[in-house]
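Thanks for coming, everyone. Have a look first, then I'll talk you through it.

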Amino acid sequence: MRIESSRYTERFGAIQLHDVQKVLELDSGRAKEGTPQEALAVLKIDEDTIKDHEERMAIVIPTKNEKLKLFEGVIAGVPHECLKIVVSNSERRKFDRFRMERDALAQYCRFTQRRALIVHQKDPRLGEALRAAGYPELLDDQGLVRDGKAEGMIVGMLLAKMIGKDYVGFIDADNYFPGSVWEYVRCYAAGFSLAETPYAMVRVLWRYKPKMSVHGLYFKKWGRVSQVTNRVMNTLLSHKMGFDTEIIKTGNAGEHAMTLKLAEILPYASGFAIEPQELLSLFEGYGGVLPAADPEVAQRGIEIFQIESRNPHLHEEKGVEHIHEMLLAGLGALYHSPLCEAETRELILEELQDQGALPAGEEPPKPQLYPPFAKADIKAFRRALEPHLDEHMIWPNK
Ligand code: GDD
Ligand code: MG
């Protein structure tokens, strides 16, 4: 794979925020040396390096009632070396959609000699294991994991840690192009290969997100939600730094990955606020404005890569209400951040009212925050799940 070198890096406390790096070539051939001139502007990441990182990566696929055909395409797009972890919150009563997902995954793994893990978010045994691990914050009053994409992602990250992976990446289950999925994971691997700290994050920016218009297919660059979230996040950072910045281009990136070392020290927001909150948690904890959340981490530094994919992104359209829900969740996280001053708050209210997502005079909701899962006793989690693992783990030839 060839990608652009990082041409500009914004520094905020202990955080290095790299500007967008475009994918130039999906496959850059064998591991031969690049020319010296190339090294300045372009980085070649050879196949072995990509594979070395993929081997150490779990890919978490959160899913809730997605079309089975899309789910099948997504699992087919994840590179062979990665361990797939599916966390499903799909219907089990009328139709057992979870069972269909499980069967499809098992069949796929059998034919491709792959390994995977699949759990249902509402499995009471998962709830018990979280309680045993001392991480009950994720549970509702019936002892089951709460609804939400973020909640599914946190379960996935705990499973990745339990298995001993070094990196965890996320891929939505409603993606139409297996080829995009494949590229996103390669972007994660490329980003990690460039990181100089164990605390790194890679966020994917889509080249285009095609939309149907009256004139046919239109290749849009920015989504409605991401445009607003990025603007507000940049305003917040600009105020703190005293210089205008436009560095944030991936405030909402659902397709992103982290080193486990970084993933386990971040507080997370519920539902769709999770992606903007990850950045906020970093700015709050390591931006140098508030006291450092962990001085050792601040010492090593944190790197955030934003990589622009070649493939266009096409996923399920879920309607205006869904867009409003996502806007409210993300901007709610920003609004209630201790870093957010009056001017940015005002901008948030204006944006939400302009989009028709919030009536005048109201404030966006404060997202529920979950503590970093570093505190969870992973051995106790494993012990509690162990008797049931056979049911959830799909290893070939079994
Ligand atoms: N496990 C689980 N539990 N998965 C869920 C849940 C849940 O309660 N709710 C939704 N999901 C799954 C969906 O099935 C899908 O695979 C993925 O989470 C993303 O949900 P979508 O409903 O498709 O969200 P979106 O496409 O509008 O937004 C995505 O992209 C945004 C911009 O990049 C999400 O990834 C957002 O989080 C992201 O900000
Ligand atoms: Mg989607």
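**Helix packing, ligands and a few residues**

Helix 6 (residues 149–163) packs against helix 10 (residues 274–286) at an angle of about 65 degrees, and the axes are 10 Å apart. Helices here are DSSP runs of H or I with at least four residues, strands are runs of E with at least two, and both are numbered from the N terminus. Axes are lines fitted to C-alpha atoms, for helices over the stretch in contact, and angles run from 0 to 180 degrees between N-to-C directions. Who makes the contact? Helix 6 brings Lys149, Ala150 and Met153, and helix 10 brings Ile274, Glu275 and Glu278. Contact means heavy atoms within 4.5 Å. These residues divide into three nonpolar, no polar and three charged.

A word on the ground rules. This is a predicted model, where local features need pLDDT of at least 70, side-chain atom pairs count only at pLDDT 80 or more, and totals for chains, interfaces and linings use all residues. Residues are numbered from 1 along each chain as its sequence is written, chains are lettered from A and ligands numbered from 1 in the order in which they are written, and side-chain values use heavy atoms, with hydrogens and water left out.

Now ligand 1. It is surrounded by 22 residues, the closest being Glu66, Lys149, Asn252, Lys318 and His322. To count as near, a residue needs a heavy atom within 4 Å. Then the polar contacts, meaning pairs of N or O atoms within 3.5 Å; within protein, one must be able to donate a hydrogen and the other to accept it, and residues adjacent in sequence count only if both atoms are side-chain atoms. A polar backbone atom of Lys64 sits 2.8 Å from an oxygen atom of ligand 1. Asp172 uses a polar side-chain atom, 2.8 Å from a ligand 1 oxygen atom. For Gly254, a backbone N or O atom is 3.0 Å from an oxygen atom of ligand 1.

Next, the metal. Which protein donors does the magnesium ion (ligand 2) have? They are Asp174 (OD) and His315 (ND1), 2.1 to 2.3 Å from it. Asp174 lies in the loop between strand 8 (167–170) and helix 7 (178–194), and His315 in the loop between strand 14 (302–308) and helix 12 (320–335), so the pair ties together parts 141 residues apart in sequence. Donors are N, O and S atoms within 2.8 Å of the metal (3.2 Å for Na, K and Ca); water is not among the atoms, so sites may look incomplete. Both Asp174 and His315 are buried. Buried means under 20% relative accessible area, exposed over 50%, partly exposed in between (1.4 Å probe, protein chains only).

Most residues other than glycine have a negative phi. Asn65 has a positive phi near 55 degrees. Asn65 is in the loop between strand 5 (57–63) and helix 3 (68–77), and is partly exposed at 33%. Gln113 also has a positive phi, about 55 degrees. Its loop runs between helix 4 (97–112) and strand 7 (116–120).

Last stop: Ser238, in helix 8 (residues 224–241). Buried or exposed? Ser238 counts as buried because its relative accessibility is 9%. Its side chain reaches the backbone oxygen of Asn234 at 2.6 Å.

Definitions and conventions:
Nonpolar A, V, L, I, M, F, W, Y, C, P; charged D, E, K, R; others polar.
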